[in-house]
Amino acid sequence: MKTKNLLTMAAMAAVMMTGFASCSSDDDADNNVVNGSQAAIDQACKDWKTARANWENTEAFLFGAADVYSIDPHTDTWPVAANDLADVLRDAKAMSNLDNFIKTANSGILGYHGLEYVLFRQGQPRNIDQITTLEYDYICAVAKDLYNATATLEACWDSKESNVERQRIAKEYVATHLAIDDDGNQEGALDGFQNFGKAFKNPGTGDWDTALDATLEIISGCQDIIGEVGDSKIGLPYSHADVNYIESPYAYNSITDFYDNIVSCKNALYGSINATTPNAQSLIYFCLNAGNATLAAQAKTVQAKLDQALAKIKAMKAPFALYYSDASCGVATDALEELDDALGELAETLKGYAGNETVEKQCQVINENYVDNVVVATYRLLADNAQKLYQSIVKIKI
């Protein structure tokens with residue numbers, strides 16, 4: 001673990017090398033209302049929603065870097081620890097070294113939802129005359145850190161290592177951030193930089209022993225987020241097990257989040273971003289054309305259940321933050337459970353191909369396409385738009 005001074009120096013170097021201006025300083029850390037533009041706040045909120053959609057489109061593949069480097073909890077912990085965040089946003093001393101503070105704070109006050117808490121109220125952009133200079137300083141630091149995290153995801157999956165600058169950011173990120181425990185607290189140092197894209201494409205070099213193992217991970221990643229959306233994101237508030245467990249409540253963005261999560265599954269299974277039909281190198285295309293009637297029928301069922309789940313989520317009464325008890329929520333969770341079951345049956349059939357050389361070769365094709373045209377393509381778009389979000393937040397202050 002590096003010392004506080006070394007962490008601060010590394011963060012300052014990152015700012016200079018990326019060309020980002022620092023938004024914060026000890027001199028302007030007070031509770032005065034920021035001298036800024038409402039139009040800039042409105043633009044930042046639009047950019048938040050764009051970057052948020054990109055993030056939700058990654059949730060079918062939160063294994064690898066997002067998990068190993070604690071990037072998922074660091075950027076997307078919710079519900080927001082609202083009382084803690086409100087206290088921090090009034091405490092100039094606590095935020096006198098924001099770059100370091102962001103690396104050591106509890107994840108419940110960071111990432112997308114830390115930004116959302118400051119930028120939105122009741123689904124609308126906040127008025128500029130409600131935002132203090134401390135809040136501005138804070139969201140600048142959080143947004144910069146969010147960009148660095150998303151750049152790390154792209155770099156850690158890009159098997160071609162095509163973006164030198166994001167490779168540099170990623171290596172610095174894993175060297176200066178800490179792992180996060182189940183309570184959202186920072187703990188030990190992260191593992192060193194590794195390329196998960198290369199490992200996914202090359203069985204036996206990382207976490208996946210065979211190409212089929214990696215292909216099955218595509219399904220498992222989808223099932224993980226389907227279960228989370230149905231059982232937790234929708235299910236906990238709907239069942240009244242936890243009515244505070246509502247994602248994106250300040251922006252009223254919950255249903256969009258849920259929908260985009262399932263879009264991430266469709267992209268993963270269909271082999272490209274915004275896919276409407278499976279491409280020839282995708283998992284679903286292979287299942288439909290492998291010459292196995294059971295597999296083909298199961299793949300068709302998955303397709304039908306995917307579309308049904310998306311339709312039922314879209315039909316939920318909005319905003320979810322106000323209507324989480326509506327019957328439409330139960331209909332959506334039922335559809336998600338059916339989709340999860342359909343994918344489970346498909347996975348079981350695929351497991352029967354273990355050791356089949358022909359299938360291994362086809363899985364290799366599926367996996368290479370998945371890394372390049374789903375995972376890296378999504379992370380690259382995410383990082384690009386997270387960078388735009390950071391830049392639009394900087395411009396709030398005149």
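D76 and R52 join their side chains in a salt bridge, with 2.7 Å from N to O. A salt bridge here is a side-chain nitrogen of Lys or Arg within 4 Å of a carboxyl oxygen of Asp or Glu. D76 sits in helix α4 (residues 71-76) and R52 in helix α2 (residues 38-56), so this pair ties together parts that are 24 residues apart in sequence. Helices are DSSP runs (H or I, at least four residues), numbered from the N terminus.

The model is predicted: local features need pLDDT of at least 70, side-chain atom pairs count only at pLDDT 80 or more, and totals for chains, interfaces and linings use all residues. Residues are numbered from 1 along each chain as its sequence is written, and side-chain values use heavy atoms, with hydrogens and water left out.

**Salt bridges**

R52 also pairs with D257, where the closest N and O atoms are 3.2 Å apart. D257 belongs to helix α12 (residues 254-270) and R52 to helix α2, so the pair ties together parts that are 205 residues apart in sequence. D76 and R52 are both buried. D257 is buried as well. Buried means under 20% relative accessible area, exposed means over 50%, and partly exposed lies in between (1.4 Å probe, protein chains only).

These pairs are part of a network of salt bridges that links R52, E56, E59, D76, K233, E247 and D257. How many salt bridges does the rule give? The count comes to 22. Side chains of opposite charge can pair when their charged atoms come close.

Another pair is K351 with E348. Both residues lie in helix α16 (residues 327-351), three residues apart, about one turn of the helix. K351 is partly exposed, at 44% relative accessibility.

| Salt bridge | Closest N to O distance |
|---|---|
| D257 and R52 | 3.2 Å |
| K351 and E348 | 3.0 Å |

**Surface patches**

Patches are made of residues with over 30% relative accessible area and no salt bridge; like charges are joined within 9 Å, and nonpolar side chains (Val, Leu, Ile, Met, Phe, Trp, Tyr) within 5 Å. Accessible areas come from the Shrake-Rupley method with a 1.4 Å probe, and for residues only the protein chains shown count as cover.

One patch is negative and is formed by D231, D334, E337, D341 and E345. Asp and Glu count as negative, Lys and Arg as positive, while His and the chain ends are not counted. The place of a charge is taken as NZ of Lys, CZ of Arg, CG of Asp or CD of Glu. Which helix gives the largest share of the negative patch? Helix α16 does, with four residues. D341 is found in α16. At 43% relative accessibility, D341 is partly exposed.

A nonpolar surface patch is made by Y252, L322 and Y323, with about 270 Å² of accessible area together. L322 lies in helix α15 (residues 320-323). L322 counts as exposed because its relative accessible area is 52%.

**Backbone geometry**

Most residues other than glycine have a negative phi, and most peptide bonds are trans. Y252, a member of the nonpolar patch, has a positive phi of about 55 degrees although it is not a glycine. Y252 lies in the loop between α11 and α12. Its relative accessible area is 30%, so Y252 is partly exposed.

S248 is in the loop between α11 (211-238) and α12. S248 has a positive phi of about 50 degrees and is not a glycine. Is S248 buried or exposed? At 0% relative accessibility, S248 counts as buried.

Two cis peptide bonds deserve a look. W78 and P79 are joined by a cis peptide bond, with omega about -5 degrees. P79 lies in the loop between α4 and α5 (82-88). A318 and P319 are also joined by a cis peptide bond, with omega about -5 degrees. P319 is in the loop between α14 (293-314) and α15.

N367 lies in helix α17 (residues 357-394). N367 is buried, with a relative accessible area of 0%. Its side chain makes a polar contact with the side chain of T215, at 2.7 Å. A polar contact is a pair of N or O atoms within 3.5 Å; within protein, one must be able to donate a hydrogen and the other to accept it, and residues adjacent in sequence count only if both atoms are side-chain atoms.

K198 is in helix α10 (residues 196-201). K198 is partly exposed, with a relative accessible area of 36%. The C-alpha atoms of K198 and N100 are separated by 32 Å, and the two residues are 98 residues apart along the chain.

Notes:
Helix = DSSP H or I, 4+ residues; strand = E, 2+ residues; numbered from the N terminus.
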